Structure formats: structure tokens, C-alpha cells
Amino acid sequence: MTGNTQDFPGKAPPDGGALPFIYPPTAANIQFFSDALLRRELVAIPTETVYGLAANALDASAAGSIFEIKGRPLVDPLILHLHRPEAAVQLAFLPEPFFRLAEAFWPGPLTLILRKKPLVPDIITAGKETVALRIPAHPVTQSLLECVGCPLAAPSANPFGYGSPTTAKHVADSFGSRLPYILDGGACRIGLESTILDLSKPGQESILRPGAVPAEALAKVFGHPVPYHEKRAPCARPATAPGMFSRHYSPRTTLQLVKEAGSLKTESDTARIFLKAPETGQRNSPHHYWLSERGDPLEMAQSLFSLLRRIDQAGYGRIVCEVPPAGETGILRAVRDRLLRAASV
Ligand code: TXA
Ligand code: MG
């Protein structure tokens with residue numbers, strides 16, 4: 001035990017980490033985090049997509065603190081994270097494709113929207129008749145879910161509107177001592193939030209948010225394409241179909257999207273982000289960055305939020321970033337979606 005912080009507001013977990021508030025996922029710490037959740041504390045947890053800010057989902061007051069600390073509007077509902085698909089039975093009405101989808105994609109980056117049962121507190125669902133469920137694939141959070149024995153409500157662990165965290169340090173940078181329990185699971189393997197699939201209206205399934213489970217894979221399970229309507233115009237209006245604030249994930253620095261960053265005039269107060277490492281002549285500028293060395297879509301997803309965060313802290317006046325074209329499939333569709341939402345008009 002290192003007792004790794006002096007201004008710790010409560011009891012510290014048994015096994016300390018190198019940085020304040022960030023704890024290694026030892027068995028003793030997982031037990032401690034589980035107890036903290038049952039005492040209504042909020043904790044940050046790793047998932048394969050992004051870090052989540054978790055509370056006991058069956059406790060309305062614990063879930064309420066999530067909205068407070070994130071500055072999240074109460075109209076924006078939370079995702080419930082489960083240990084096993086069977087746990088969904090008491091939380092939601094499960095239509096026929098549920099178990100086939102669970103079998104195909106869980107644990108993994110797919111969130112299902114279902115008609116809710118009364119056990120789910122209204123604050124979680126923002127008063128809606130539907131609830132979002134997913135089983136995350138990260139082994140640390142799997143252990144925590146098993147240990148705590150209740151579903152965990154967990155939005156991404158970032159202040160509302162900012163980019164999602166993909167490391168424990170990102171979470172600590174955003175919340176400091178306001179969130180003293182962060183369970184370290186390393187860098188997130190996917191780096192973008194889960195695909196959200198609405199199953200609440202039989203026969204009218206639709207993708208509400210693209211993610212690492214692509215539309216093509218869902219189409220195979222359904223035997224027909226599943227529609228997704230790309231959100232475009234930035235607006236501050238809370239969407240009536242939740243999940244879908246069209247301006248989101250934004251860095252503080254002005255972000256502009258371009259098809260191709262190579263031909264722009266160089267300005268020292270502008271950071272340029274390429275999707276793929278540019279030609280030799282363009283590589284040496286300190287103001288040029290890229291999401292992937294060889295143009296690998298998963299690598300682009302993994303590095304997007306992390307790179308935007310790093311550049312945001314570097315004090316540029318403007319960020320210009322290449323965006324994958326409309327009509328992309330697979331995870332590039334999700335990269336495009338996050339960039340469209342993050343961009344400043
Ligand atoms: O990968 C993820 O999904 C991450 C990790 C932590 O699991 N979580 C995440 O949560 O991205 P959050 O709260 O940042 O995004 C969840 C989205 C929100 O946009 C919310 O409006 C939508 O899911 N959502 C939640 N419940 C919904 C519902 N009943 N109907 C429609 N959308 C819903
Ligand atoms: Mg979020």
C-alpha cells in the first residue's frame with residue numbers, strides 16, 4: 001500500500017497506484033471498488049470502448065450523482081452495464097433477436113435499447129419507456145460486475161460535451177479529486193463508444209450511434225440491412241430521440257473538418273490531423289499529426305479522442321482534421337460520426 005494521496009476525501013483502496021486516484025486492478029482493489037459502489041460512490045471503470053463513470057444502477061440517488069459530476073442534462077439517459085445477458089430479464093422486455101444478438105456480440109461494443117421494466121429507476125432512462133443495456137468486454141470490469149452483483153449505470157467518464165477518455169489518466173485529468181476512484185485497465189482497445197441499436201420497436205430496428213459493431217455485422221444477424229441515419233447539422237437542442245446530441249465530443253480548440261489536409265497552407269497556430277501518415281515531406285512538421293501510421297481503421301478509432309485531447313492541451317488556435325468520406329462502412333463510419341459531432345460547425 002502506498003497511500004498515494006494526501007487529499008483523498010475518503011478511505012483509499014488497499015493497493016495504491018503511481019498517480020493519485022488511479023488504482024491497479026488487483027483483487028483487493030476490485031473488492032474495494034465494489035464496496036464503494038454499494039456505498040453509493042461513483043467510480044471510473046475501464047471498458048474496451050472508453051472509460052465509464054459508474055454507479056449502482058438500481059440506486060436512483062447514486063445514479064443522480066453521475067449527472068451532477070458530468071454536468072449532464074437529465075434528459076440524456078444512461079447505459080446499464082451487466083455481467084451476463086440473463087441479468088437483462090429483470091430490467092427489460094426482451095424481443096426475439098435479443099439472445100441472438102447477445103450471443104453474437106456480447107461481451108462487446110454493442111448497446112441494445114429495449115422496453116424497460118419498473119425495476120430500472122426513471123432517472124437512468126430520463127423518464128423514457130426504454131433502457132440501454134450492454135455487457136462490456138474488459139476483463140477488469142467483468143470482474144467488478146461479478147463482484148458487485150448489480151448492474152452499473154455508466155456514461156463515458158468525461159465532462160458532458162467533451163471527448164471520451166480512453167486512459168485512466170484522461171479521467172483523472174478531467175475530474176481530479178472530484179472523482180477519487182479510478183480503476184486502471186490500460187488504454188481502451190477500441191477507443192470509440194459502443195454501437196447503439198434500438199430494438200424497442202419490433203420490426204423497426206435502427207442504429208442510433210455507429211461503433212465497432214458495424215451495420216454489416218448486424219445485417220447478418222437480422223438477414224436484412226439495419227438503417228442508420230447520419231446526424232449532421234450541429235445544434236445545441238437536446239434531441240428527442242436521446243443519445244443524439246448532434247454537437248458532442250468536442251475539443252476546446254476550434255475543430256474544422258476537411259477531405260484532405262495535405263494541400264492546406266501551413267500556419268503555426270494550426271494543428272493538422274491526417275487520417276493516415278502523410279508523405280515524407282509532410283511528416284516533419286511539428287504541427288502535423290496522424291491517426292494511424294498505415295491507415296488502419298481500428299488504429300484511427302483508438303487514437304482519435306486521445307490525439308484530440310493531446311492537441312487540445314497544446315494551445316493551438318485551430319485544429320484541421322481529415323474526415324472519412326460519407327458512405328464509409330465498418331468502424332470508419334463511427335470515426336466520421338464522432339468527428340462530425342466534435343466539429344465546430
Ligand atoms: O461504449 C459505451 O457505450 C460507453 C461505455 C462506458 O460503455 N458508454 C457511453 O455512454 O458511451 P454515454 O452515456 O456517453 O452514451 C450513451 C448514449 C447517450 O448518447 C444516450 O443518450 C444513449 O446512449 N441512450 C441511453 N439510453 C438510451 C435510450 N433509452 N434510448 C436511446 N438512447 C439512449
Ligand atoms: Mg458520452
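Biologist: Which residues are buried in α1?

Modeller: Buried means under 20% relative accessible area, exposed over 50%, and partly exposed in between, with a 1.4 Å probe and protein chains only. In α1 the buried residues are N29, I30, F32, F33, S34, A36 and L37. This is a predicted model, in which local features need pLDDT of at least 70 and side-chain atom pairs count only at pLDDT 80 or more, while totals for chains, interfaces and linings use all residues; side-chain values use heavy atoms, leaving out hydrogens and water. Residues are numbered from 1 along each chain as its sequence is written, with chains lettered from A and ligands numbered from 1 in the order in which they are written.

Biologist: What do the buried residues of α1 pack against?

Modeller: First, the names: helices (H or I, at least four residues) and strands (E, at least two) are DSSP runs, numbered from the N terminus. Contact means heavy atoms within 4.5 Å. The buried residues of α1 pack against β1, β2 (43-45), β3 (52-56), α5, β8 (152-153) and β9 (182-183).

Biologist: How do α1 and α5 cross?

Modeller: Two packed helices are described by the angle between their axes and the distance between the axes. Axes are lines fitted to C-alpha atoms, for helices over the stretch in contact, and angles run from 0 to 180 degrees between N-to-C directions. Here the axes of α1 (residues 27-38) and α5 (residues 139-148) come within 9 Å and cross at roughly 55 degrees. Angles under 35 degrees count as roughly parallel, over 145 as roughly antiparallel, 65 to 115 as roughly perpendicular and the rest as oblique, so α1 and α5 are oblique to each other.

Biologist: Which residues make that contact?

Modeller: From α1 come I30, Q31, F33, S34, L37 and L38, and from α5 come V140, S143, L144, C147 and V148.

Biologist: Which residues does the cis peptide bond join?

Modeller: The bond joins W106 and P107, with omega about -10 degrees. You will find P107 in the loop between α3 (97-105) and β6 (110-116).
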